[in-house]
Amino acid sequence: MNDKTKIKRAAIILVIGTVTAKILGFMRELVVAYKFGASSITDAFVLTNGIPSLIFVSIGTAIGINYIPCFQRIKTIDEKNKFTSNLLNIIIVILLSGCFVVECCPDIILKFFAIGLSDETRQYAIVMLRIVMIAIFPIIISHLFQAYSQANGIFVTTAFFGVATNIVIIIITVLASEKNYWILSVGTVLANTIGMGVVIWGSRKGGFHYCPMFHPHDRQIKRLVSLSLPLIIEDIASSMSLIVDRNLASLLDSGTIAGLNYAGTLGNIAGTMISGSVITAVFPTFSKLNASNDKRAFEAAFRKSADIMLFFLCPVAMMMTFFAKDIVVFIFQHGAFNSSASKIVWESMACYGIGIIPSGMQSYLIRAFYSLQETKIPVKVKVFALMCNIGLNVITVQKWRHIGIALSTSISLIISYVLLSFFLDKKFRIGAVRLITKEMIVNSTISLFSGIISYVIFERCILIDSLFFKLMLELGGFLMCYIGFNAMMRMNTVKGIIKILKE
């Protein structure tokens with residue numbers, strides 16, 4: 001099997017695993033919403049489930065990205081295993097320290113993440129936080145061994161890690177009730193432990209053998225830390241934005257934290273399945289072209305990939321904005337999830353929909369910076385966008401409540417995208433950035449008109465009793481208008497995108 005075939009096979013496995021995990025993750029959210037609605041329990045669950053990620057997963061993400069370059073510099077398998085074992089032991093010590101602090105002072109930690117929790121929600125959250133903190137060990141260790149497996153060409157366990165964890169969480173959620181609500185947190189720990197076992201099994205197939213050692217001053221460890229720090233800071237900036245949002249949401253009505261989470265999940269699934277797939281596929285190409293100093297080829301690949309992403313991302317963003325109410329009511333409003341909870345979700349989702357395009361493009365531009373070996377600019381931009389988000393939240397939350405929080409997030413993403421585009425063009429003289437921005441405006445305009453036409457026809461002119469048929473006609477009408485406008489006005493662009501996809 002040649003290298004090209006191996007890459008294609010790995011890409012297919014990763015895409016299948018990622019899409020399946022996203023679908024199962026969404027089903028997990030639906031099961032929680034069905035059983036508990038938008039209540040104090042769901043607020044506590046969403047909050048505590050996110051705290052380990054917000055505190056520690058930035059470390060795991062940075063390790064996942066920078067571990068492989070360090071690993072590849074080591075020549076022998078024995079030295080590679082020693083490096084991995086040493087890193088594993090250092091991670092465990094760090095996690096033990098962090099876990100000890102949280103277990104001793106859960107109430108203080110909760111006040112940092114959500115200062116306005118009601119007494120009922122806080123009591124739920126303290127119990128759930130003490131349980132779920134145990135999950136940081138399998139989560140971060142899984143990041144390490146996923147990177148080890150990828151470095152050895154093993155992608156199956158990495159691709160289906162999310163599948164395994166989400167299936168376990170769904171099963172546990174079905175068994176949970178208001179009396180034994182803490183089982184939700186047990187499910188998170190159990191699911192990630194099983195996922196960790198699968199990933200470690202895969203790394204054993206790659207030749208890993210544990211070596212008992214602890215040398216934090218090792219040269220390779222120091223190199224990994226220096227490479228990871230900018231990524232950790234950037235991720236912390238993103239996490240701080242979410243912390244601010246949840247702090248403000250905790251001051252609002254019960255269920256607001258969960259409602260914002262459900263709205264964000266819908267937007268993330270729609271956006272990341274498109275942008276994430278493109279970014280994963282093109283990042284190695286960007287790095288390779290930059291290493292060969294082929295600027296013209298880099299710009300061509302940069303623009304082509306962005307055109308594909310925007311062609312699919314813009315209509316998704318507009319559909320999530322225009323038809324938010326019908327989408328949310330159709331998907332969520334069942335069981336304990338009532339109309340009041342639905343209103344919080346669809347109003348938030350309509351505002352989050354505005355940020356889907358800049359969010360996807362922000363991630364795309366950041367990967368372009370990384371491939372050009374520039375990490376400082378994305379960090380500075382992320383921190384500035386965080387400050388903007390905090391300021392906008394303070395201004396809007398009192399009057400617009402959850403809508404203000406969601407809208408502030410979308411505006412800060414637009415600011416981040418504009419700044420990243422400006423600096424990428426200014427520092428590296430990449431003219432394609434302006435062409436991409438023009439393409440984004442054109443696609444967004446076509447999507448906007450398609451949304452207006454479909455909304456007016458099926459919301460104002462034609463009354464349909466069945467929500468399912470109404471939603472299908474709205475989305476179908478939107479897509480017909482979008483494809484029709486593109487076929488009439490931009491046929492060459494459409495043909496070019498089809499040609500790229502075939503390649």
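Me: What share of the 503 residues of the protein chain counts as buried?
Reply: Of the 503 residues in the protein chain, 52% count as buried, where buried means under 20% relative accessible area, exposed means over 50%, and partly exposed lies in between, computed with a 1.4 Å probe on protein chains only. This is a predicted model, in which local features need pLDDT of at least 70 and side-chain atom pairs count only at pLDDT 80 or more, while totals for chains, interfaces and linings use all residues. Residues are numbered from 1 along each chain as its sequence is written, and side-chain values use heavy atoms, with hydrogens and water left out.

Me: Why is tyrosine 364 called buried?
Reply: Tyrosine 364, which is placed in helix α15 (residues 356–371), has a relative accessibility of 1%, and it therefore counts as buried.

Me: Why is phenylalanine 468 called partly exposed?
Reply: Phenylalanine 468 has a relative accessibility of 38%, so it counts as partly exposed. This residue is found in helix α19.

Me: What makes the nonpolar surface patch?
Reply: The patch of about 380 Å² is made by Phe330, Phe468, Phe469 and Met472, and helix α19 (residues 467–489) gives the largest share of it, 3 residues. Patches are made of residues with over 30% relative accessible area and no salt bridge, with nonpolar side chains (Val, Leu, Ile, Met, Phe, Trp, Tyr) joined within 5 Å and like charges joined within 9 Å. A salt bridge here is a side-chain nitrogen of Lys or Arg within 4 Å of a carboxyl oxygen of Asp or Glu, and accessible areas come from the Shrake-Rupley method with a 1.4 Å probe, where for residues only the protein chains shown count as cover.

Me: How many disulfides are there?
Reply: A disulfide is a pair of cysteine sulfur atoms within 2.5 Å, and by this rule the count comes to 0. As for burial, cysteine 314 counts as buried because its relative accessibility is 0%, and cysteine 388 is buried as well, with a relative accessible area of 18%.

Me: How do you know what span to expect for helix α8?
Reply: Helices (H or I, at least four residues) and strands (E, at least two) are DSSP runs numbered from the N terminus, and the protein chain has 20 helices and 0 strands. The expected span of a helix is 1.5 Å times one less than its number of residues. Helix α8 (residues 161–175) has 15 residues and reaches 22 Å from its first C-alpha to its last, close to the 21 Å expected. Its buried residues include Phe161, Gly162 and Val163.
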